[in-house]
Amino acid sequence: KEVSETEIENLRKEHDLPDRFIFYPAQFWPHKNQLNLVKALAILKEKGITVPTGFVGSKREEWGAFQKISEFIKTRGMEADVKFLGYVSNNEMSVLYRAATALAMPTFLGPTNIPVYEAWFMECPVLYSDIRGPREQAGDAAILFDPYKPESIASAIEKIWLNEPLRKELIAKGQ
């Protein structure tokens with residue numbers, strides 16, 4: 001659980017991450033729903049709110065999800081806003097959770113997902129799908145959103161991005 005400022009700075013430099021970012025650790029499979037997350041980021045960008053985001057997971061093309069996400073990002077001119085970190089070590093995952101402004105997890109499946117527990121353990125607030133399973137897992141320790149609606153995801157991101165007291169409240173509830 002202990003992560004030093006040096007580890008955070010080294011990770012930021014290695015992956016070209018800014019001081020504030022959200023992230024999502026998941027393979028690029030359709031049910032992980034990264035596409036609606038990047039659509040939400042585009043909605044925020046149109047409002048003048050740029051939210052840098054890091055994706056952790058291999059870029060295997062079994063279902064074409066990574067290609068769709070990449071194409072969407074390119075058509076919206078968001079290449080500088082979204083980083084694909086690929087596979088990272090367990091230690092790097094701990095540092096990512098600690099350094100991130102929030103974990104955003106727009107999955108279409110539950111009932112429980114391990115990254116949410118990891119985020120809470122590492123004092124990272126959680127943005128999570130409001131569907132059966134994840135809803136019960138999170139209780140009031142996450143901001144819930146409709147994973148089928150990019151506007152709902154964007155609203156959740158905006159809340160945590162612009163409200164540091166809410167972020168701290170969610171960290172406490174996650175503990």
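# Pockets, strands and selected contacts

Visitor: How do the residues lining the largest pocket divide into nonpolar, polar and charged?
Guide: A pocket is an open set of points on a 1 Å grid over the protein atoms alone, with protein on both sides within 12 Å along at least five of seven lines; lining residues have an atom within 4 Å of a point. Ala, Val, Leu, Ile, Met, Phe, Trp, Tyr, Cys and Pro count as nonpolar; Asp, Glu, Lys and Arg are charged; the others, Gly among them, are polar. On that scheme, the lining divides into eight nonpolar, seven polar and one charged.

Visitor: What kind of model is this?
Guide: Residues are numbered from 1 along each chain as its sequence is written, and side-chain values use heavy atoms, without hydrogens or water. Local features need pLDDT of at least 70, side-chain atom pairs count only at pLDDT 80 or more, and totals for chains, interfaces and linings use all residues, since this is a predicted model.

Visitor: What do the buried residues of H4 pack against?
Guide: Buried means under 20% relative accessible area, exposed over 50%, partly exposed in between (1.4 Å probe, protein chains only). In H4 the buried residues are Glu 92, Met 93, Val 95, Leu 96, Tyr 97 and Ala 99. Contact means heavy atoms within 4.5 Å. These residues pack against helix H1 (5-15), E1, strand E2 (53-56), strand E3 (82-86), E4 and H5.

Visitor: Which residues does Glu 118 contact beyond its neighbours within four places in sequence?
Guide: Glu 118 sits in helix H5 (residues 114-121). Its relative accessible area is 34%, so Glu 118 is partly exposed. Beyond four places, Glu 118 contacts Met 93 and Tyr 97.

Visitor: Which elements give two or more residues to the lining of the second largest pocket?
Guide: This pocket holds about 150 Å³. Its lining has six nonpolar, three polar and one charged residues. Of ten lining residues, Pro 30, Asn 33, Leu 35, Ala 65 and Lys 68 lie nearest the centre. The elements giving two or more are helix H2 (34-46) and helix H3 (65-75).

Visitor: Which residue in E5 stands opposite Met 105?
Guide: Two strands pair if DSSP finds at least two bridges between them. E4 pairs in the parallel sense with strand E5 (residues 126-129) over three bridges. Strand E1 (residues 22-25) also runs parallel to E4, joined by two bridges, with Phe 23 opposite Leu 103. On the E5 side, Met 105 faces Tyr 128.

Visitor: Which residues of E4 are buried on each side?
Guide: In a regular strand the side chains alternate between the two faces of the sheet. Strand E4 (residues 102-105) is covered on both faces. One side has Ala 102 and Ala 104; the other has Leu 103 and Met 105.

Visitor: At what distance does the side chain of Gln 137 join that of Tyr 128?
Guide: Gln 137 lies in helix H6 (residues 134-138), and its relative accessible area is 12%, so Gln 137 is buried. A polar contact is a pair of N or O atoms within 3.5 Å; within protein, one must be able to donate a hydrogen and the other to accept it, and residues adjacent in sequence count only if both atoms are side-chain atoms. The Gln 137 side chain reaches the backbone oxygen of Asn 113 at 3.1 Å. Its polar contact with the Tyr 128 side chain is at 2.4 Å.

Visitor: Is Thr 107 buried or exposed?
Guide: Thr 107 lies in the loop between E4 and H5. A polar atom of its side chain lies 3.1 Å from the backbone nitrogen of Leu 109. Beyond four places in sequence, Thr 107 touches residues including Tyr 24, His 31, Asn 113 and Tyr 128. Its relative accessibility is 1%, so Thr 107 counts as buried.

Visitor: Which residues line the largest cavity?
Guide: A cavity is a set of grid points where a 1.4 Å probe fits but cannot get out. The whole structure has one of 30 Å³ or more. Its lining has three nonpolar, one polar and two charged residues. They are Leu 41, Lys 45, Thr 50, Val 51, Met 78 and Asp 81.

Notes
Helices (H or I, at least four residues) and strands (E, at least two) are DSSP runs, numbered from the N terminus. Grid points are joined across faces, edges and corners, and a volume is the space filled by probe spheres set on the points.
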